[in-house]
Amino acid sequence: MTLLEKSEKTGRLTEREFEEVVRLTQHPDVLVSAKAYCALWFVKEPNQQKRAAELFRKAIDHPDPFVRSAACKGIGFVGTASDIPLLLPRLRDSDEVVRAITLQSLYTLGGPNLKDHVRPLLQDPDPDVRKEAEKILQKWESQPAKGR
């Protein structure tokens, strides 16, 4: 998928290329769809970032975990702190990859004030999720809590 490679390497897509990637997010093959969402992670142009963030917000509850994980990660790249409430329910996602990626995005967008949301994942059934939660909490322990 050359658009994914171009987006990842340069972060720059022409409007025509961007529209093609947006179209591919709706592809019936979820792997193609998820790859298209991944291509949107890297866009640098502010209007494209804004549109990508909207697409990620809509896809966050997608039935397929590949798409949900791409959306959660994308929010971490182009979203804002106002997206944190959208991410929090994904900490209880049935898919461990979605949970781990959600933790990463919460770390990017939030701060120590989210510790109470992250602590329960220290008991997650998946060792990678537990490790990610522990790593984030350790980083936050050295930071003062911000008000919400």
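**Figure 1. D126 in the loop between α8 and α9 of the predicted model.** D126 is found in the loop that runs between α8 (115-118) and α9 (127-141); the model is a predicted one. The relative accessible area of D126 is 16%, and the residue therefore counts as buried, the cut-off being under 20%. Leaving aside neighbours within four places in sequence, D126 is in contact with E96 and R99. Q104 lies 22 residues from D126 in sequence, and the C-alpha atoms of D126 and Q104 are 15 Å apart in space.

**Figure 2. E17 in helix α2.** E17 has its place in helix α2, which spans residues 15-24. With a relative accessible area of 15%, E17 is buried. When residues up to four places away in sequence are not counted, E17 touches L3, K6 and R12.

**Figure 3. The crossing of helices α4 and α5.** Two packed helices are described by the distance between their axes and the angle between those axes. For helix α4 (residues 46-59) and helix α5 (residues 65-78), the axes come within 8 Å and cross at roughly 145 degrees. The crossing of α4 and α5 is left-handed. On the α4 side, the contact is made by Q49, A52, A53, F56, R57 and A59. On the α5 side, the contact residues are V67, R68, A70, A71, G74, I75 and V78. Sorted by class, the contact of α4 with α5 holds 9 nonpolar, 2 polar and 2 charged residues.

**Figure 4. The protein chain as context for the close-up views.** The protein chain has 9 helices and 0 strands, and its elements run α-α-α-α-α-α-α-α-α from the N terminus on. Its radius of gyration is 16 Å, close to the 15 Å given by the globule rule for 148 residues, so the chain is as compact as a globular protein of that length. Taken along the principal axes, the box filled by the C-alpha atoms is roughly 45 × 30 × 25 Å. Buried residues make up 49% of the 148 residues in the chain. Of the contacts in the protein chain with a separation of 6 or more, 58% are accounted for by residues 24 or more positions apart. The accessible surface of the protein chain comes to about 8,100 Å², and 53% of this surface belongs to carbon and sulfur atoms.

Key: Residues are numbered from 1 along each chain as its sequence is written. This is a predicted model: local features need pLDDT of at least 70, side-chain atom pairs count only at pLDDT 80 or more; totals for chains, interfaces and linings use all residues. Side-chain values use heavy atoms; hydrogens and water are left out. Axes are lines fitted to C-alpha atoms, for helices over the stretch in contact, and angles run from 0 to 180 degrees between N-to-C directions. Helices (H or I, at least four residues) and strands (E, at least two) are DSSP runs, numbered from the N terminus. A crossing is left-handed if the near helix is turned anticlockwise from the far one by less than a right angle, and right-handed if clockwise. Contact means heavy atoms within 4.5 Å. Ala, Val, Leu, Ile, Met, Phe, Trp, Tyr, Cys and Pro count as nonpolar, Asp, Glu, Lys and Arg as charged, and the others, Gly among them, as polar. The radius of gyration is taken over C-alpha atoms; the globule rule is 2.2 Å times the number of residues to the power 0.38. Buried means under 20% relative accessible area, exposed over 50%, partly exposed in between (1.4 Å probe, protein chains only). Accessible areas come from the Shrake-Rupley method with a 1.4 Å probe; for residues, only the protein chains shown count as cover.
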